Every structure is written in C-alpha cells, then in structure tokens.
Amino acid sequence: MLVNGQSRQTVVVVGNGMVGHRFCERLADQDTGNRFRIVTFGEERRAAYDRVNLSKYFENRDAEPLKLACPTSYAERGIILHLGDRVTAIDRKRRVVVSAQGREVGYDVLVLATGSAPFVPSVPGVDKKGVFVYRTIEDLENILDYSAAASSAAVIGGGLLGLEAAKAVRDMGLEAHVVEFAPRLMPRQVDETGSKLLLEKIERMNVRVHLGKSTREFLGNGSVEGLEFADGGRLDVDMVVVSAGIRPRDELARACGLELGPRGGVVVDGAMRTSDPAIYAVGEVASHQGMVYGLVAPGYEMAEVAAANLLGSARTFTGFDMSTKLKLMGVDVASFGDPFAETAGAKALTYEDPFGGVYKKLVLSADGTRLLGGVLIGDASDFGTLLALFKSGKPLAVPPGDLLSAGRSAALEGEIDAQVCSCNNVGERQIRAAIRNQKLTTIAEVKTCTLAGTGCGGCLPRVADLLKAELKAAGTRVDNRLCEHFPHSRQELYQIALIQRIKTFDALIDAHGSGHGCEVCKPAVASILASLWNENVLDPSHATLQDTNDRFLANIQRGGTYSVVPRVPGGEITPEKLIVLGEVARKYGLYTKITGGQRVDLFGAPVHLLPEIWAELIAAGFESGHAYGKAVRTVKSCVGSSWCRYGVQDSVGFAIRVEMRYRGLRAPHKLKGAVSGCVRECAEAQGKDFGLIATEKGYNLYVCGNGGARPRHADLLAADLDEDTAIRYLDRFLMYYIRTADRLTRTSVWLDNMEGGIEYLRDVIVNDRLGIAAELERQMQAQVDSYQCEWKAVVDDPEKRRFFQQFANTDEVTPGIEFVSERGQKRPADWPTDFVPSDSLEPPRPLEEPDGLGPRWVHVGSVSDFPKGGGRAIKHGAAEIAVFRFESRDEWYACQNTCPHRRESVLSRGILGDQQGVAKVACPQHKKTFSLESGACLSGEAYRIEVFPVKVEDDDVFVELPPEREMERRSRKTRPCTVDCV
C-alpha cells in the first residue's frame, strides 16, 4: 500500500488485551505520517477491557464500565479489528499470520501481546464441573451462573487475584475459603508479620484461610464436591475458583521457533524485539532479562517503548519496579523494592499497631542512609513518597525513624518526586510543572497534558489535590467546596464517587466529608449517585437525600399538593391515553393544563393519593415524566415529514427515540430538548439544552440553549448528522455536562463559563480531544440499560407506598388547603397577606391547662414508621407534628409541621441536616431552614417553630406534647408573610 508515494507498512498485533490496546492506541495516535496500517486480532468476542478491575464486574454484573474501547473507536483510528478470532499460526518466512477463521494476513512487523493464561494445577479432577479460572468476563459470568446453586466455594491461591476472587465469592453470599500453598498470604509481596495482620483482617470478614495446603485431588462425581489435600485433610465445597498464578501465552512463539526464556515467555531486548527482528513482544508474554512481568504498568511501558521504536524514536525498556499498591477486601496493602530484607547487610525498621490494624516495615541499607524497600498494611498513604525515595537511590535527608513517624514530611517532599500515576509513570513534579507552565485549571486539562489519571483512575483524587495546591500557590482563589460538609466541588465529588465506586451518601461523607449533610449537599450527592449508578432514588439509602420533588416523585405546588406529569414522548399521544388523563383528572378533582413541553399537567394531588393516581396511569401504559427531577424532562417535536408539507425528516419519530433514550437521566440541572423537522424550527430546538434541526442530509445538532429567565440561543455543535451519529454525540455531550458542571448550573451557563467555549466543547465531543469519548458513551449506555420507571417501582412496592401516607400514626387524612373555583377548575386560594412575625405574636399560654392537664408523652408509632434520615407527619388532634429520625446523629426530633413562612403543613417532608453542629430542617417549599433544637430560623428571618422532646423505648416512639386543645390554639396563631419568595 502506498501513502504519498511511499510504501505503508502493515503492523499485525496478536492480542487485544490492555497492553495490546495501549500499543495500538499509541502507534495510531503518534503515527502522524500515516506510515502504518494496523491490524489487530482478539481471541475474545469483546474489545479490550480493564482486567485490573475485573472484580468490579460483580458489583453491577455489567461489562460496559470495564470497556477500554469499542470497535467504533478502533475504526475511527483506522485500526482493523478482528474479534473472536484467535491467531493459530505464524509463518515467519512468508511473514503471514493465520487465524482460526481462516484469515491470512501479511505483516511487515508483528507484535505479540498474547498475555498470559491462568496456571491450573495438574491434579486429578481439575476438569470437573464447578471448577473455574478467574481471568475473563466470560469466566466471571460462568462463576455467577454456577454460584446460584452453590452454598460454598474455595479459591485456590492467596495472592493478589486470589484474594479479589475470594471477596467476589463472599459478596455472592457463599461461604468463602482461600487455599494457599505457601505458609502465608501474598508470599511474593508481604512478609510474615504483614501477612499475619492481613490474615486477621480477612478472617474477620468471614473468609476462611487455609495456609500451607497442597491440593491433591478435586473430589466429586461429575461435579466438584470438595478438595483433598496432600496432608490428608479435606475441604467440602460446591465450587472452586483457581487463581494460583499465570503462565505466558507463548505457544505461538514456541511453534514458530522464537527464543523463549527459561521460565517461559518470549525473550526480548530493550527495544522489545524478539529473536526475529520483525517480531516484537509486549506485556505478560515477554521475558526481559529473564523476568516476566505480571502487572499492567510494566506492560504499558513495554507498549510505549515498542511503539516509539517503530516510529523511529530510540527508547529502551530497562526493567520495571514491581511495587504494588492496592486495596484488598477494604485493606490497604503495598510493597516495594526489597520487602524481605534480602539485600546483603539490610536492616528493617518496623511499626506495628495491632489495635489500629496497621503494620509498616521499611528496609534500609546497613548504615541506615538509603531506603531499599518496604511493606505497608492498613495504611498506605505514604506509598508514593516512599516509593519515589526508594527509586531515587538518594541518601535520606531525615533520620530513618522519621519515615515511619512523619511519612510525607516537608523535608522529604523537597527531595524527591513522588509517583502519582503508576499506570503511566507520572510523578508529582511533572504534574505540578505542567499545571504551572501550561496554566492548567481543570482535572481534564491535567489528564490531557500529563496522562495522569487516564489509566485505572485511582490517582485522580491525588491529582485533584495537586491541582488545587498549585492554583492556590499561584494566588488563584480555590474555594469550590460544595458546602460546609464537603471540602470538594460537585465535579470533584463526582470523580471521587466514580473512581472509588461510592454508592451511598453515608459512605461519601464518612470518607470525604464531615458532619451530617444539609439541603445543599444531600440532593447534589443524590444526583451524582443517580447519574453514576442509576439505583432507585427511593431506595432506603437514597430516599431522604432527595428534595421533596424527588422524594415524592412529583413537583410540590402551593398548599403542599403535587402535580402529576406522565411522559408523552415527543408530544405524541393516542386518543385513548388522552381519555385516560381526562378520566383520572375528573376522578381525583385535578386541575389540568397543557405544558410548554407538549404534555398534560395534572395539579392538586395530595401526597397520599399520588400512588393511587399513578397506579391507574401505569395500568394505562403511562410512565413517569420526571418533571419533578433535575433530569431530562421532554423532547419537544413538530409533526415533521409525517404531516407537514415542509418537513424533510421524521422529527416526531426521532424525538421519541431521543426522549426514550435519555428519560430519567439525572443531571446538575433540568434538561430539555427538541427536534424540528425543517429549518422553520417549529419545535424551537435552538432554545433548548439540546436541539436537532432536520436538513436534507440529516440533522444539525445545537447545544446549550435556554429559553428561561436568561434566554440564550443554542450553538451549533455539528451539522448534517445521521441519527446514530447524533445520538452518539448527544451521549458524549450529556455525560460530559453531568461530569463537569456545578450543581444547579444550566447548560447555557456551563458553556459560557467554559474556557474555549463551543470550539473547545466541539473538540471534546466531536474530535475526542480528551480521549474519553468511548468512556462517556459507555456510561450513557449503562444509564440507558438500567432505566426503570420510578413510579412503577413505588406502585409495585408496598414498603415504598406506605411512606406516601399523610400521617404515620393514623390512616386519617386532612385537606390542609383551601381551594377556589376559577374558569371551571379549582385552584389553591391566594396566600393571605396579613403577616405578623412570630416574635410579635402573643406569647403562648402556660402549658398547664385549667383542668390540670399538662404535657404528656404521646405514642406516635414504631421506629420503622419513620424513614432513616428523614421525617413524617403525625396527627395530634387537629394539629400536625413533624417527627424526624436523624439516623446519622442517632437522635430524634419533633416540631410543628406547619412552616411559619406560608403556613403550609410541609416541614416533615424537608431535608435534615446540620449547620455548625446544630440539627436543622429545610422547608421543602422555599428552603427556609429551622433549628430542630431551638426552633429559630437559621436563614436569619423572624420566624420560629415550636419543637418538642422525643424519646424511643424499644421499638416505640413517643413525643412530649401539650393537650390537643392547646396545640390547636397555637396552630391558629401562626401567620404567613407578605414577602415574595425567591
């Protein structure tokens, strides 16, 4: 093949794992002269995925988050990808590879990236049903399928992957055993003392460990039923997972006569060339100076070296440090250098805290001046600094003991370049210099410039810390904390939750915040978690984080009633469904109105009737319209080519497709879309967060418009797109906005604040400037695949339905609102204007009544009648009391249910939180906050609520309340205000 008159070389890559993918990516991206044609073969049906985080597949049983690339991304780089087709032979004379499907592909350069295979002991019975290896997603799928009928499992191998497999087995609900041949766990990384501590921690997690055991036979008749050990012992289990090490996949090299290492693997030199100059080897199949590396970081380095040498930049692989830092079953474990003090004259310095579960061992030279290695268990926070100090080989600038007591001391930080990103070998100094010299201000820019955080992503919190420190040092004010409870911005919390796979507010605030949250951070975090994991927002761990609209899946209106807005995709609806809406509105006395988003809004539904109303709508084929959420609302359409004489595309059909794809997608703010069938733009697509306008060739995609209080015309992102490409760009755009926008920031403001504006955004979305397009698409597809109608989940779940009841202690209901008739429908009466601040009201009478009755403890329900972290109303005569179960503080509170601002009985539906340690509740109507301890308005206004003591005895909840007559008198004295609300 000729390019610009010159011959184009064919590079065939055998193997599409993490290292093979990295090689293809680097060679294609750096081949600016278009000198190479790349063809790659993958044995698995899937394109490259993240084997380092393979165990995360068990969390959602979804392979999408593990993908490193999809076939489309290969095609966009001009790489020919053959999946599910194993290379079976190499003809070195003809320079041809032959595949299992009969393909013969010639090569100028061949790169072997075949990786390794699990080591399986050759003992009788190993081929029985129920014996698995732990290497691929298919292996994990088979384990999951088989585990459904199992109650116990053994993992053979107590190394890194074996312990991960044991955690997966335990998390599946099986009795878990680890069988290790060596006398300790992780024998290659951890010494005896560290292994003992690790053993204690793991066994406390109900994983039974059997050390010094050699398996002699897999027992069972057809299916495995247990293991028999060489010492005569036996372990009865229903399933076995073998994770006892790896062996290089060097069979192709062996068959074609390449030189192999004494312990397997293809012998390579520093340029990654094999004994045949036309063939390279990288990753776990390569043997460099007798060493086969079983970690991804050295494999990535090999891929970089091989690509550089092919491109003419001389680069040498000189070996790689086998340091390891990871979290095993929640326990920090790290080792580096010579952890066993095997170096002549080496001495060890140790620290052990059996109460805190921490063990640190540092190995030093005989004179104590140089760090030679170490082991860290339970606390590996100093790993980066210690590793860099070890690699530098420099004399210590501090006494050896300070390394244990001070860790990252100021003296050390000036002496060394601590490694931050081990996947791409990026140091702290490099990141700091890039931030200063390139004037970087965002995590995305740091990732693009330095590659830090583009591997496994585990270093991103540290990258964020460095960015913040450099910006602060430069005089840039960096105070982007979400609220007093989190010292991080919304974007940072999103990345933390993504990288650390945090799925609850409690886990996030425990690890990265303080206090108990508030009306600012709880909904923001709830939105982040919904956009990451898409769990039901009314699951117990999420329900009371939500603002009242999301908590009750409806928009709160005047009087504390709610609106019901079913989804009408694209604005298209059948007569039968229109009739259902009318019948439901008439049955429940609801005010009806056509919305600007081409839907029908039903107003005035009391909270206790919402599940009943929605049961009827769902039975008629409707689903939640998410009008209540900071989420995708509607995708408006004109009739397009279906009816309009000017229409050039089916705008209704495409609008329905777009709305159904993104329905329920949570975001920093609400999202609206539209599709117009021609340039006459009847759907007003250029005034939406995303809009599509039909052309003769497809659709023009506009983004970041706004028709609200600050109208903004949308910007053209891309033109003449087919539907699939438009969807792909929308996937990227929406997910990038969700990742990077501040809370309550519309797309229009987000774009206006973005450095580089629409040109930068286009570069990210269309041209994949940051290299994250595939990742954004994967995230969106995971959202689409996990969608569920939130209202159907409530209707089908009696436990969720009961929290919609008006009162926790009675089935009675009270109207609580006055209606007036207007234009043939009812609406709430106007708010009174005779406001009197609560401080000027006549003081309440003494609690002692003339008949001698004073306050008494009133039983208001059981503990389970009140949601964790939230409140419910109870009825006390004609009065309503809000009772709150502040779970994270292990405290209970009660107050009047009526907010003094607009005199509406809604406080029980407010969000709990604390302000400088004071427990508070935020009114769901206008967000005024009140102390649950003193009753004072914490928003600085002249309001006050009455609070009452609460006690819990066994499972019974009691509130100390005045007599019913006194409570009724007090409630009548409350007055609303005349001030318009923000």
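Welcome to the tour: the count here comes to 60 salt bridges, and you are looking at a predicted model. Let's visit a few of them.

**Stop 1: Glu 519 and Lys 920.** Select these two residues and show their side chains. They meet in a salt bridge, with 3.2 Å from N to O. Now colour the neighbouring elements: Glu 519 sits in the loop between helix H16 (505–512) and helix H17 (521–533), while Lys 920 belongs to strand E48 (residues 918–922), so this pair ties together parts that are 401 residues apart in sequence. Are the two partners buried or exposed? Both Glu 519 and Lys 920 are buried.

**Stop 2: Lys 927 and Asp 547.** Next, select Lys 927 and Asp 547, whose side chains form a salt bridge at 3.3 Å, N to O. Lys 927 lies in the loop between E48 and strand E49 (929–931), and Asp 547 is in the loop between H17 and helix H18 (548–551), so the contact links parts that are 380 residues apart in sequence.

**Stop 3: Lys 951 and Glu 953.** Move on to Lys 951 and Glu 953, where the side chains meet in a salt bridge of 3.2 Å, N to O. Lys 951 is partly exposed at 27% relative accessibility, and Glu 953 is partly exposed with a relative accessible area of 38%.

**Stop 4: a network.** Finally, select Arg 22, Glu 25, Arg 26, Asp 29, Arg 77 and Glu 304 together. Salt bridges that share partners join these residues into one network.

Notes: Residues are numbered from 1 along each chain as its sequence is written. This is a predicted model: local features need pLDDT of at least 70, side-chain atom pairs count only at pLDDT 80 or more; totals for chains, interfaces and linings use all residues. Side-chain values use heavy atoms; hydrogens and water are left out. A salt bridge is a side-chain nitrogen of Lys or Arg within 4 Å of a carboxyl oxygen of Asp or Glu. Helices (H or I, at least four residues) and strands (E, at least two) are DSSP runs, numbered from the N terminus. Buried means under 20% relative accessible area, exposed over 50%, partly exposed in between (1.4 Å probe, protein chains only).
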